[in-house]
Amino acid sequence: MNRIVGSHDILLVTLDTLRFDVAAELAEAGRIPNLARHLPAGRWEKRHAPGSFTYASHQAIFAGFLPTPAEPGRHPRLFAADFAGSETTADGTYVYDTPDLVSGLAEAGYRTACVGGVGFFNKQGALGSVLPGLFEESHWEPDFGVASPTSFESQVARAEEIAARTAPEQPLFLFVNVSALHQPNWFHLPGASRADGDSRATHAAALEYVDRHIGRLFTAMSSRRPCLAIVCSDHGTAYGDDGWSGHRIGHESVWTVPYAHFLLEEGATR
C-alpha cells in the first residue's frame, strides 16, 4: 500500500447489507458482469464483517479494519493506525499517525469525500453526522437513501461531479455507501409490489441494479490517475434464515460478506 498511497486515487464502496451467498451466486451465474470483470478470478472473496450493523461496521472500517478473510490465520491489513502491539500491521500496510483512515489519508494530501446512503450518513441528527463528519466534504439527499428506487444512479452522479471538480494535482479518497441493497428493496424486482415485501430475490435484484450503473463510478474514479478500488459489504442481512430476519444479530447471513480490491488503470472504461 505504501506504493499506492499518494500515487493513486482511492475508492471505497460499501454495498450496505449485501450477503456473501447472494453476491457469490450472482457472480457465478453471470448476473453482475460489470462487477465480476474486476473481481480477482471473477469471484468475491468470503470475509467476516467487522460489525453486524452499519454504524459499528463503518467505525471499524474507517479505523482500518476492513472485513477479515473468513479463514484461520493472521491477515495483514491494507491500512492501520500506528498502534503498539498490532499483529496485523505488516511491511505492506500503510500506517498513519491519526485516529482513523480518513484523516490519515487527508494528512497524506488526499481530498476526502463521502457520498452517503443509509440513515447513519444522512446528517439529519447528531448520530447521522458522526460518520460523514470524518470527511472534508460529505453529501446526502433523500434521493440517495433506502427509499429511492434510483438511489445508486443519484449517488454515482454526485461521485462523478466530485471527481470532475477535484483539483487534478490532488489525489482523491472517495467513499460511497450504497443504500440500494438495504430494505426496502422490493421495487428492484420487476413485477414485485410493496405487499410482496423484501426477500432474498429482491436483494439479488438490487445487486443487479447496482451492477448496471457501477461502471460509471469506476470510469469517473479512474479518469484522473490510477485508482485502487475496494468494494465490500459492511454486513449481511437475514431474510427468514433459521427464523432470523434483519441484521444486528450473530447469524451466518450477517457475519459473512463479499470483498474485493483491485486496481483501475487510468482511463479504464465501463
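Me: What makes strand 2 (residues 45-48) and strand 3 a pair?

Reply: In this predicted model, strand 2 and strand 3 are joined by 2 bridges and run antiparallel. Two strands pair if DSSP finds at least two bridges between them, and the 2 bridges here meet that requirement. On strand 3, T68 is the bridge partner of H48. Helices (H or I, at least four residues) and strands (E, at least two) are DSSP runs numbered from the N terminus.

Me: Before going further, what are the ground rules for numbering and confidence?

Reply: Residues are numbered from 1 along each chain as its sequence is written, and side-chain values use heavy atoms, leaving out hydrogens and water. Because this is a predicted model, local features need pLDDT of at least 70 and side-chain atom pairs count only at pLDDT 80 or more, while totals for chains, interfaces and linings use all residues.

Me: Why are strand 3 (68-69) and strand 7 (137-139) said to stand at the edges?

Reply: The open sheet holds 8 strands in the order 3-2-12-9-1-8-6-7, with mixed pairing. Strand 3 and strand 7 each have a single partner strand, so one side of each is left without a neighbour in the sheet.

Me: Why are helix 1 and helix 7 called oblique?

Reply: The axes of helix 1 (residues 20-28) and helix 7 (residues 200-221) come within 10 Å and cross at roughly 60 degrees. Axes are lines fitted to C-alpha atoms, for helices over the stretch in contact, with angles from 0 to 180 degrees between N-to-C directions. Angles under 35 degrees count as roughly parallel, over 145 as roughly antiparallel, 65 to 115 as roughly perpendicular and the rest as oblique. Helix 1 and helix 7 are therefore oblique to each other. Among the residues that meet are D21 and L26 in helix 1, and R200 and L207 in helix 7.

Me: Why does the other packed pair, helix 6 and helix 7, count as roughly parallel?

Reply: Helix 6 (residues 151-165) and helix 7 pack at about 0 degrees, their axes 9 Å apart. They are therefore roughly parallel to each other. Residues making this contact include F152, E160 and A163 of helix 6, and Y209, R216 and L217 of helix 7. By class, the contact has 11 nonpolar, 2 polar and 3 charged residues (nonpolar: Ala, Val, Leu, Ile, Met, Phe, Trp, Tyr, Cys and Pro; charged: Asp, Glu, Lys and Arg; polar: the others, Gly among them).

Me: What makes the link between R216 and E160 a polar contact?

Reply: R216 is placed in helix 7, and its side chain is joined to that of E160 at 3.0 Å. A polar contact is a pair of N or O atoms within 3.5 Å; within protein, one must be able to donate a hydrogen and the other to accept it, and residues adjacent in sequence count only if both atoms are side-chain atoms. R216 and A159 are 57 residues apart in sequence and 9.4 Å apart in space, C-alpha to C-alpha.

Key:
Contact means heavy atoms within 4.5 Å.
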